[in-house]
Amino acid sequence: MMKFGTTLALSITMCVLVACGSVEEPASTSPAPTPDLKLPADFSVTLQRTACRGKCPVYTVTVKADGHVLFDGTENVANPGIHKETIEKAAVAELVASVQAADFFNLDDCYCEEKFFDVPTSIVTVTMGGLSHSVTHLKGNQVPEEFLTLEQNIDDVGGSEQWVKGPA
């Protein structure tokens, strides 16, 4: 048989739980604060795509820590020349996360077997935290999936498509 003190404690606990469940929080009218993004001040990522014998787009896109994007299209792009844009720091943080997910600074310098020729090459260069590293990738060669994701994210975040393909 339960003791009176135990029964009383359980009863009080049940009342508190029921009361807490029935109290509604007032709706917040102000947006939640955005966390201060801690991006390495020296962060920079550059994707260079090179020529092939066909109609491969040739360009370089660079994204800096402050959100500045520089696109330089030289061949087979809809809008050749130098284009500048500014993106949100959250988008830059997305690229930093992609660099980290690819374990970029531990990748090989080159994924470029000689059996492939006349294929476009991509060169990704990252500067971050006082380190700089470049990785060259000839299309068709085996490369970690995270590196391919990083290449695509650089194009996406940097907005390359608007200059490579032009308006939709």
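I take a disulfide to be a pair of cysteine sulfur atoms within 2.5 Å.

**Entry 1: ground rules**

I am working with a predicted model, in which local features need pLDDT of at least 70 and side-chain atom pairs count only at pLDDT 80 or more, while totals for chains, interfaces and linings use all residues. I number residues from 1 along each chain as its sequence is written, and I note that side-chain values use heavy atoms, with hydrogens and water left out.

**Entry 2: disulfides**

How many disulfides does the structure hold? I find two disulfides, and, with bonded cysteines counted along the protein chain, they follow the pattern 1-2, 3-4.

I looked up Cys-110 and found that a disulfide joins Cys-110 to Cys-112, with an S to S distance of 1.4 Å. The torsion about this S-S bond of Cys-110 and Cys-112 is -105°, and the link is left-handed. Cys-110, at 42% relative accessibility, counts as partly exposed.

I then turned to Cys-52 and Cys-56, which form a disulfide with their sulfur atoms 2.0 Å apart. Is this disulfide of Cys-52 and Cys-56 right-handed or left-handed? The torsion about the S-S bond is about 95°, so I record the disulfide of Cys-52 and Cys-56 as right-handed. Cys-56 counts as buried, because its relative accessibility is 15%.

**Entry 3: salt bridges**

I call a contact a salt bridge when a side-chain nitrogen of Lys or Arg is within 4 Å of a carboxyl oxygen of Asp or Glu. The structure holds two salt bridges. For the helices and strands named below, I rely on DSSP runs numbered from the N terminus (helices are H or I with at least four residues, strands are E with at least two).

Glu-151 forms a salt bridge with Arg-49, and the closest N and O atoms are 4.0 Å apart. This pair links distant parts of the chain, since Glu-151 sits in helix 3 (residues 145-158) and Arg-49 in strand 1 (residues 44-49), 102 residues apart. Glu-151 is buried, with a relative accessible area of 6%.

Which residue does Asp-155 form a salt bridge with? I find that Asp-155 forms a salt bridge with Arg-49, the closest N and O atoms being 2.9 Å apart. Asp-155 lies in helix 3 and Arg-49 in strand 1, so the pair ties together parts that are 106 residues apart in sequence. Asp-155 is buried, with a relative accessible area of 10%.

How values were computed. Buried < 20%, exposed > 50% of the residue type's maximum accessible area, 1.4 Å probe, protein only.
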